[in-house]
Amino acid sequence: MSTSASAAGDRGRKAAGQGAGERRDGAAPTPDGTRGDAMDNTSRRRVVEREKATFGGVKIGSAFFGWLTAIGTTVLLSALATALGAAVLLNDDSPDATAITITGTIILLVILFVAYYCGGYVAGRMARFNGMKQGIAVWVWAVVIAIVAAILAAIAGDQFNILVELNGFPQIPMFGDNATASTIIAAIVAAAVALIGAILGGLGGMRFHRRVDKAGLGD
């Protein structure tokens with residue numbers, strides 16, 4: 001009789017221990033219906049991968065706002081550079097034309113790099129994922145609009161070429177007097193600098209969200 005009672009008590013304690021272990025190992029269900037024993041699937045890397053699979057890809061709208069940022073930054077920096085250049089030339093009685101040309105070219109490339117870095121950064125921050133692709137998309141927006149502006153200028157006249165006034169992207173040389181080797185090379189170099197800046201900016205904007213994910217989700 002005592003043996004039966006002892007065995008029953010052992011079975012009860014064992015069952016209680018198993019139940020407690022299950023409660024420890026399997027927490028309450030999460031809002032999406034998964035059990036706590038699947039928490040190893042919610043590591044930061046896996047969470048980011050799932051979010052990227054759902055919300056990743058090129059975001060055309062984000063790239064467009066990135067391009068607007070690049071244009072605005074270009075206008076502001078160009079105006080500042082023009083004002084500084086005019087102030088310097090006023091104090092120079094015999095300016096060197098070659099030095100002015102080289103300096104102006106370098107300044108233009110720096111402005112394009114900084115402006116399109118800002119544009120890519122905005123697109124990368126807005127889109128959150130695929131920073132390189134967002135930067136390239138900003139650059140593609142600039143190329144497409146430059147081509148459209150060049151076509152409008154060829155058809156209706158230079159007054160419709162808004163890029164002449166904005167100086168927001170290297171102008172596309174059309175067939176004619178302005179399609180010389182030097183202008184084509186200059187356009188290619190400027191476009192390459194803008195592309196590099198946009199890609200680096202897109203990556204920078206995306207890394208901000210990775211830091212946020214690391215702070216919120218841990219390692």
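This is a predicted model: local features need pLDDT of at least 70, side-chain atom pairs count only at pLDDT 80 or more; totals for chains, interfaces and linings use all residues.
Reader: What makes up the chain, helices or strands?

Author: The chain has 7 helices and 0 strands. From the N terminus on, the order is α-α-α-α-α-α-α.

Reader: How much of the chain counts as buried?

Author: Of its 219 residues, 28% count as buried. The chain exposes about 13700 Å². Carbon and sulfur atoms supply 67% of that area.

Reader: Why is Thr73 called buried?

Author: Buried means under 20% relative accessible area. Thr73 has 17%, so Thr73 is buried. Thr73 lies in helix H3. Leaving aside residues up to four places away in sequence, Thr73 touches Ala115 and Cys118.

Reader: Which other residues of H3 are buried?

Author: The buried residues of H3 include Ser62, Ala63, Gly66, Trp67, Ala70 and Ile71. Thr74 and Ser78 are also among them.

Reader: What about H4 and H5: what span is expected, and what does each reach?

Author: H4 has 31 residues, and 45 Å is expected. From first C-alpha to last, H4 reaches 44 Å, close to that value. H5 has 26 residues, with 38 Å expected. H5 reaches 37 Å, again close.

Reader: What makes the largest nonpolar core a core?

Author: The largest one here has 15 residues. Ala63, Trp67, Leu112, Tyr116, Val138 and Ala142 touch the most other members. Helices H3, H4, H5 and H7 each give two or more residues to this core.

Reader: Which residues of H4 and H5 are buried?

Author: In H4, the buried residues include Ile111, Leu112, Ala115, Tyr116 and Gly119. In H5, they include Gly131, Gln134, Gly135, Ala137, Val138 and Ala142.

Reader: What makes the nonpolar surface patch a patch?

Author: Patch residues have over 30% relative accessible area and no salt bridge, and nonpolar side chains are joined within 5 Å. Here the patch is made by Ile102, Ile106, Val110, Phe113, Val114, Tyr117, Ile196 and Leu200. The patch covers about 660 Å². Helices H4 and H7 each give two or more residues to the patch. H4 gives the most, with 6 residues. Ile106 has its place in H4.

Reader: What is said of phi at Arg128?

Author: Arg128 is not a glycine, yet its phi is positive, about 80°. Arg128 follows H4. Its place is in the loop between H4 and H5.

Reader: Why is Arg128 called partly exposed?

Author: Partly exposed lies between buried, under 20%, and exposed, over 50%. Arg128 has 26% relative accessibility, so Arg128 counts as partly exposed.

Reader: Asn130 lies in the loop between H4 and H5 too. Is Asn130 buried or exposed, and how do you know?

Author: Asn130 is at 12% relative accessibility. The cut-off for buried is under 20%, so Asn130 counts as buried. Asn130 also has a positive phi, about 55°, although it is not a glycine.

Reader: Why is Val58 called partly exposed?

Author: Val58 has a relative accessible area of 42%. That falls between 20% and 50%, so Val58 is partly exposed. Val58 has its place in the loop between helix H2 and H3.

Reader: What does Val58 touch?

Author: Val58 touches Lys133, Gln134 and Ala137, not counting residues up to four places away in sequence. Val58 and Met132 are 74 residues apart along the chain. Their C-alpha atoms are separated by 9.4 Å.

Reader: Why is Ala194 called buried?

Author: Ala194 has a relative accessible area of 0%. Buried means under 20%, so Ala194 is buried. Ala194 lies in helix H7.

Reader: How far apart are Ala194 and Gly135 in sequence and in space?

Author: Ala194 and Gly135 are 59 residues apart in sequence. In space, C-alpha to C-alpha, the two are 9.8 Å apart.

Technical notes. Residues are numbered from 1 along each chain as its sequence is written. Side-chain values use heavy atoms; hydrogens and water are left out. Patches are made of residues with over 30% relative accessible area and no salt bridge: like charges are joined within 9 Å, nonpolar side chains (Val, Leu, Ile, Met, Phe, Trp, Tyr) within 5 Å. Accessible areas come from the Shrake-Rupley method with a 1.4 Å probe; for residues, only the protein chains shown count as cover. A salt bridge is a side-chain nitrogen of Lys or Arg within 4 Å of a carboxyl oxygen of Asp or Glu. Helices (H or I, at least four residues) and strands (E, at least two) are DSSP runs, numbered from the N terminus. Buried means under 20% relative accessible area, exposed over 50%, partly exposed in between (1.4 Å probe, protein chains only). A nonpolar core is a set of buried Ala, Val, Leu, Ile, Met, Phe, Trp, Tyr and Cys residues joined through side-chain atoms within 4.5 Å. Contact means heavy atoms within 4.5 Å. The expected span of a helix is 1.5 Å times one less than its number of residues.
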